[in-house]
Amino acid sequence: MLIVQKYGGTSVADASRLRCVAGRIAKDYDGGHKLVAVLSAQGNTTDELIAKASELSSDINKREMDALISTGEQQSAALLAITLNGMGYPAISLSAGQAGICATSVYGNARIKDVDCERLLFETGRNNIVIVAGFQGINRYGDVVTIGRGGSDTTAVALAAVLGADKCEIYTDVDGVYTADPRIVPDAHKLNEISYEDMLELASSGACVLHNRSVELAKQYKVPLVVRSAMTDAPGTLVTEGKAMEKRYISGVAADKNTAVVSVIGIKKHSGGGCRLFSALAEKGISVGLITQAAGAESTENYAFTVTRQDLSEVRAILTEKQTILNFCKIEFDENAAKVSVVGAGMESNPGVASAVFEAISGIGVGIKMISTSEIKISIIVGESDADAAVTAIHRRFFSNPAERSNADE
């Protein structure tokens with residue numbers, strides 16, 4: 001059996017934890033499995049490298065930043081290989097280039113284009129344990145590019161897909177996917193299984209257990225994902241096609257506090273201003289989340305939409321520059337917002353979910369700024385300070401029922 005494993009930064013934070021990871025890999029190797037492990041940088045290494053660069057310049061070239069922060073994963077990979085070698089196991093560390101991971105040229109947020117797996121197959125064919133630096137790839141110029149925070153998950157799934165791995169195990173500091181963040185909702189409980197669709201929506205809504213792009217890849221290539229704890233032998237949560245998911249219509253509640261709301265007020269109706277507005281953002285690579293449109297005064301319309309807080313300053317600059325072309329009256333920014341989402345593939349066939357969400361929110365006196373719905377998700381925008389209370393109230397509304405709790409665990 002070929003297994004691809006990914007270990008997060010907490011799992012390899014120090015020498016003791018590296019030895020624990022090495023022990024787990026050695027046990028699987030002794031069980032006759034071929035192994036490819038993808039590693040994140042140790043602990044807070046990435047943040048520390050960014051801080052060091054910031055001490056030297058306030059205007060950091062993105063290419064050089066990628067060259068710098070990619071070294072964290074390369075250190076982790078080499079250290080784990082050294083640990084395994086010291087235990088008598090044949091392990092070899094590979095950089096993204098050596099592993100054949102080809103990516104686009106968007107520094108800081110590249111996407112994996114392809115994987116030339118010749119070297120990986122050669123090393124696994126020699127029964128070597130292959131340790132790959134996650135979070136990065138090589139662009140057409142031969143430069144190292146990073147693929148965004150949480151990108152090591154995506155690296156692991158991509159390798160599992162091209163290698164035809166029997167499964168991809170994501171080891172992290174939690175023992176699976178929960179119905180809510182247990183740090184916010186103490187009575188949240190672990191799911192034994194969740195569909196790709198529900199996991200993708202939760203990951204896109206702020207659940208940090210998996211990177212959303214990794215779930216997209218897993219769904220596309222039908223890679224069986226298992227989310228497990230690196231600290232215990234608990235079985236974890238299986239992310240799969242979920243053909244038997246009809247018993248549970250709500251899978252979980254998540255909050256994304258990395259949210260800002262932008263309001264563009266007074267665009268003339270039927271002028272094509274809305275199209276030009278979002279085209280201008282797309283040209284600069286700005287991803288927009290929720291969008292609402294409402295009638296304004298005197299034949300105008302207003303748009304409100306969400307972006308990440310990292311993108312807010314660039315959005316502000318784009319809209320200021322384009323105000324004449326877009327022909328709007330004013331723009332407003334709310335940096336203290338959060339998106340709270342309820343996710344479940346069974347929502348469409350179970351009426352009353354939306355009303356239950358609104359009842360839960362009104363019951364704690366939290367105001368709703370925006371609403372977006374789909375067949376499997378309801379998202380609301382609230383103030384950041386209200387996000388935890390909103391998640392707790394909604395979770396209580398759907399999971400305090402013993403029957404619903406039982407269904408969630410099946």
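The legends below describe a predicted model, starting with the whole chain and moving to close-up views.

Residues are numbered from 1 along each chain as its sequence is written. Local features need pLDDT of at least 70 and side-chain atom pairs count only at pLDDT 80 or more, while totals for chains, interfaces and linings use all residues; side-chain values use heavy atoms, with hydrogens and water left out.

**Figure 1. Overall fold of the chain.** The chain has 14 helices and 18 strands, taken as DSSP runs numbered from the N terminus (helices: H or I, at least four residues; strands: E, at least two). Its C-alpha atoms fill a box of roughly 75 × 55 × 35 Å along the principal axes. Of the 410 residues, 49% are buried (buried: under 20% relative accessible area; exposed: over 50%; partly exposed: in between; 1.4 Å probe, protein chains only). The accessible surface comes to about 18700 Å², and carbon and sulfur atoms account for 49% of that area (Shrake-Rupley method, 1.4 Å probe; for residues, only the protein chains shown count as cover). Among contacts between residues at least 6 apart in sequence, 75% join residues at least 24 apart, a contact being heavy atoms within 4.5 Å.

**Figure 2. Helix α4 and its buried face.** Helix α4 covers residues 71-86, and its 16 residues reach 22 Å from the first C-alpha to the last, close to the expected 22 Å (1.5 Å times one less than the number of residues). Gly 72, Glu 73, Ser 76, Ala 77, Leu 80, Ala 81, Thr 83 and Leu 84 are buried. Seen down the axis of α4, these buried residues fall within an arc of 170°, so they line one face of the helix; the arc is that of the directions from the helix axis to the C-beta atoms. An α-helix has 3.6 residues a turn, so residues three or four places apart point the same way. The face of α4 turned away from the buried side carries the exposed residues Ile 82 and Gly 86. Gly 88, which follows α4, has a positive phi near 95°.

**Figure 3. The stacked pair Tyr 7 and Tyr 171.** The structure holds 4 aromatic pairs (rings of Phe, Tyr and Trp, the last by its six-membered ring, with centres within 6.5 Å; planes under 30 degrees apart are stacked, over 60 edge-to-face, the rest tilted). The ring centres of Tyr 7 and Tyr 171 are 4.8 Å apart and the planes lie at 10°, so this pair is stacked. Tyr 7 belongs to strand β1 (residues 2-7) and Tyr 171 to strand β9 (residues 167-172), 164 residues apart. Tyr 7 is buried at 0% relative accessibility, and Tyr 171 is buried at 1%.

**Figure 4. The edge-to-face pair Tyr 29 and Tyr 89.** These two rings are 5.8 Å apart centre to centre, with 85° between the planes. Tyr 29 lies in helix α1 (residues 15-30) and Tyr 89 in the loop between α4 and β3 (91-94), 60 residues apart. Tyr 29 is partly exposed at 21% relative accessibility, whereas Tyr 89 is buried at 17%.

**Figure 5. The loop at Ser 271.** Ser 271 lies between β13 (252-268) and α9 (273-283) and is partly exposed, at 28% relative accessibility. Ser 271 and Tyr 249 are 22 residues apart in sequence and 42 Å apart in space, C-alpha to C-alpha.
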